Amino acid sequence: GTPQKYDPTFKGPIYDRGCTDIICCVLLVIAIVGYVVVGVVAWTHGDPRKVIYPTDSRGQFCGQQGTPNEYVSRLAPIARRRLGVAGETICVSKCPDRYQTYLSAYGSRTPSELEYYRQFCVPEFKNLQKAPIEVLKDKECPAMIIPSTPLARRCFPAIRAKKGVIMVGNETTYDDGRGRRRNVTELLEGAKKANVVLETRQLAMKIFEDYTVSWYWIIIGLVIAMVASFIFIVLLRFLAGIMVWVMIVMVILVLGYGIFHCYMEYAKLKGEAGSDVSLKDLGFQTDLRVYLHLRQTWLAFMIILCIVEVVIILLLIFLRKRILIAIALIKEASRAVGHIMMSLLFPLCTFFLLCLCIAYWASTAVFLSTSNEAIYKVFNESACQFSGQTCKPETFNTSNVTKLCPDAQCLFAFYGGETAYHKYLIILQFFNVFMFFWLANFVIALGQVTLAGAFASYYWAFKKPDDMPAFPLFSAFGRALRYHTGSLAFGSLILAIVQVIRVTLEYLDHRLKAADNKFAKFLLSCLKCCFWCLEKFIKFLNRNAYIMIAVYGTNFCTSARNAFFLLMRNIIRVAVLDKVTDFLFFLGKLLIVGSVGILAFFFFTQRIKLVQDTAPPLNYYWVPILTVIVGSYLIAHGFFSVYGMCVDTLFLCFLEDLERNDGSAEKPYFMSPDLKKLLKKTNKGQPDA
């Protein structure tokens with residue numbers, strides 16, 4: 001690309017700018033309107049109760065008042081459950097708590113036994129004097145009931161292990177209602193997942209209890225992490241150089257020790273039996289420890305480490321100036337953040353908007369997935385030509401099906417639909433996912449271009465901070481929304497398309513796991529790798545394009561091209577700055593998260609004597625500790641994301657400054673005095689800022 005030329009009218013972010021990428025702005029508005037329409041349609045047709053509440057064989061909800069199921073409406077709404085009965089599911093007031101067969105209940109001389117059993121029969125069953133063989137033949141009652149545990153309004157066998165013996169209730173066998181004794185292990189597979197969920201629920205309750213007694217201490221830990229993050233950013237202004245050079249020296253010393261250790265191992269093996277065997281003669285060995293007994297192995301390690309050491313030292317010699325520039329830019333970023341303190345709180349706005357996007361996407365997805373209607377099918381045991389066909393429970397008893405197939409039943413099969421809306425549900429779900437990615441990326445882009453505009457106004461202020469606008473952050477936010485909504489929509493649209501393709505590839509990979517087509521798996525792996533790389537590149541390009549948009553007000557394509565060529569003309573500086581800042585951010589996050597995590601560990605495990613009695617009693621002390629660690633990382637990441645955007649913005653402005661200006665009275669440099677001193681640049685005839 002062609003280097004930027006001097007422009008006497010350019011004094012930082014351009015205020016007299018026009019709207020860019022209007023077509024993409026219109027497309028975004030149309031897409032949002034369509035997204036709202038999809039949400040309204042989904043909310044009209046959807047019913048989240050299908051996710052929360054179970055249904056019986058008639059498709060009626062269990063456990064909710066106001067449902068059309070008469071039997072359910074007469075039961076206590078708190079305790080309603082769903083129970084499998086002879087191929088059907090019915091709503092019951094409570095789960096069975098005993099072993100019992102219908103024959104034993106019918107033959108009991110106690111009327112209460114049969115009354116207890118009747119609550120697990122179909123609602124229409126009223127004739128207690130009916131012969132048991134007829135009741136079981138008509139499938140009005142189950143042949144047996146077993147002790148069950150309620151879970152998510154469903155009844156599962158109450159399986160437990162006692163001294164290694166599987167039991168249901170207090171029994172190891174049960175009567176299946178047909179005169180045969182069966183082992184309870186036959187119920188194990190069907191209830192295994194249910195017991196896992198039950199144990200998970202108990203674990204969740206204990207975790208919730210821990211949160212109720214430790215939430216305020218968790219908040220205190222997160223506040224400490226916030227203060228520590230801010231202090232670290234301030235200290236970077238003074239300690240960035242020391243930290244970078246200490247890191248470099250440590251790397252050199254570690255490599256030097258590695259070379260010394262390899263030499264000592266090489267010398268120690270001299271004269272030992274079998275140590276002089278060559279790697280070629282030894283061949284491949286599954287036990288890798290065998291190679292450590294060969295002198296040639298340690299010689300190879302020593303040569304490799306020596307080469308790496310020499311390469312690093314040579315790079316330091318030739319790139320020392322660029323490392324110093326990176327350090328100076330990092331220090332300058334601390335000053336910029338210090339002058340625009342509101343920038344540290346701006347990620348909260350981005351986080352709030354992202355939460356709105358996630359909430360809308362999730363609720364729309366739930367309503368879309370529950371938009372299907374109840375489908376009823378004909379079920380029967382004997383041969384019937386109508387078997388498997390759809391039916392309507394309201395008119396089934398008066399239809400010809402019951403005449404031709406007396407044992408046929410019209411039962412709920414699944415949720416579905418055959419209307420145009422139901423046929424295109426998968427497309428609406430796909431559109432929902434696509435719009436989520438587009439809007440989420442747009443929100444992130446808005447945050448990036450706002451911060452870039454604010455920090456660019458700092459760099460291009462000749463007298464810092466006197467020449468800065470009064471409210472640089474709000475000014476940049478207003479310019480981004482007023483003029484560049486289309487450009488932000490364009491960049492986020494490209495990224496959203498790539499992300500949707502990646503999600504599709506992940507879905508295909510999940511579906512192909514059971515397949516034995518190695519070529520398809522290999523091709524899919526290659527595509528996943530390529531699109532992962534493409535997503536990373538587009539994110540990098542978008543980030544720098546947004547900086548150019550914030551400064552010059554150009555459209556997305558022009559900004560992306562200019563940013564890309566500007567970086568390519570300074571590729572070595574880009575690489576050095578990227579690695580230096582990555583190290584400092586990693587060090588900062590590690591220091592903050594590690595320090596706060598260790599403090600939380602000693603506090604919640606009551607190892608700090610001064611506050612030993614203050615720590616709350618916990619079921620699992622790792623619950624608040626992990627929460628503090630994860631929260632501290634997110635807080636540190638939020639602070640450092642602002643700092644990283646500041647470094648990137650100042651870096652691009654610095655490169656533009658070098659190309660546009662020469663330090664003369666007509667073309668003065670805007671960079672800080674430290675950078676000018678480092679580059680041996682001066683502004684002739686004008687005092688330094």
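**Close-up views of the packing around helix H14**

**View 1. The crossing of H14 and H20 is right-handed.** In this predicted model, helix H20 spans residues 622–660. The axes of H14 and H20 lie 9 Å apart, and the two helices pack at an angle of about 50°. On the H14 side, the contact is made by Gln448, Leu451, Ala452, Phe455, Ala456, Tyr458 and Tyr459. H20 contributes Val642, Met645, Cys646, Thr649, Leu650, Cys653, Phe654 and Asp657. Sorted by class, the residues of the contact between H14 and H20 comprise 12 nonpolar, two polar and one charged.

**View 2. Helix H14 (residues 425–459) meets helix H15 (residues 472–483).** The axes of these two helices come within 8 Å and cross at roughly 130°. That angle makes H14 oblique to H15. The crossing in which H14 passes H15 is right-handed. From H14, the residues in contact are Leu446, Val449, Thr450, Leu451, Gly453, Ala454 and Ser457. Their partners in H15 are Pro472, Leu473, Ala476, Phe477, Arg479, Ala480 and Leu481. This contact of H14 with H15 consists of 10 nonpolar residues, three polar residues and one charged residue. Leu451 is listed in the contact with H15 and also in the contact with H20.

**View 3. The largest nonpolar core holds 107 residues.** Within this core, the residues with the most contacts are Trp438, Leu584, Tyr643 and Phe654. H14 supplies the largest share of the core, 18 residues. Leu584 is in contact with Phe232, Leu236, Ala240, Met243, Val244 and Ile330, once its neighbours within four places in sequence are left aside. Another core, of 15 residues, lies apart from the largest one. Among the residues of that other core are Tyr117, Val122, Leu128 and Cys141. Phe654, one of the residues with the most contacts inside the largest core, also takes part in the contact of H20 with H14.

**View 4. Thr485 lies in helix H16 (residues 485–511).** The relative accessible area of Thr485 is 16%. Buried residues are those under 20%, and Thr485 is therefore buried. With residues up to four places away in sequence not counted, Thr485 touches Cys25, Leu28, Phe442 and Ala480. Ala480, one of these partners of Thr485, is also among the H15 residues that meet H14.

Methods
Residues are numbered from 1 along each chain as its sequence is written. This is a predicted model: local features need pLDDT of at least 70, side-chain atom pairs count only at pLDDT 80 or more; totals for chains, interfaces and linings use all residues. Side-chain values use heavy atoms; hydrogens and water are left out. Axes are lines fitted to C-alpha atoms, for helices over the stretch in contact, and angles run from 0 to 180 degrees between N-to-C directions. Helices (H or I, at least four residues) and strands (E, at least two) are DSSP runs, numbered from the N terminus. Angles under 35 degrees count as roughly parallel, over 145 as roughly antiparallel, 65 to 115 as roughly perpendicular and the rest as oblique. A crossing is left-handed if the near helix is turned anticlockwise from the far one by less than a right angle, and right-handed if clockwise. Contact means heavy atoms within 4.5 Å. Ala, Val, Leu, Ile, Met, Phe, Trp, Tyr, Cys and Pro count as nonpolar, Asp, Glu, Lys and Arg as charged, and the others, Gly among them, as polar. A nonpolar core is a set of buried Ala, Val, Leu, Ile, Met, Phe, Trp, Tyr and Cys residues joined through side-chain atoms within 4.5 Å. Buried means under 20% relative accessible area, exposed over 50%, partly exposed in between (1.4 Å probe, protein chains only).
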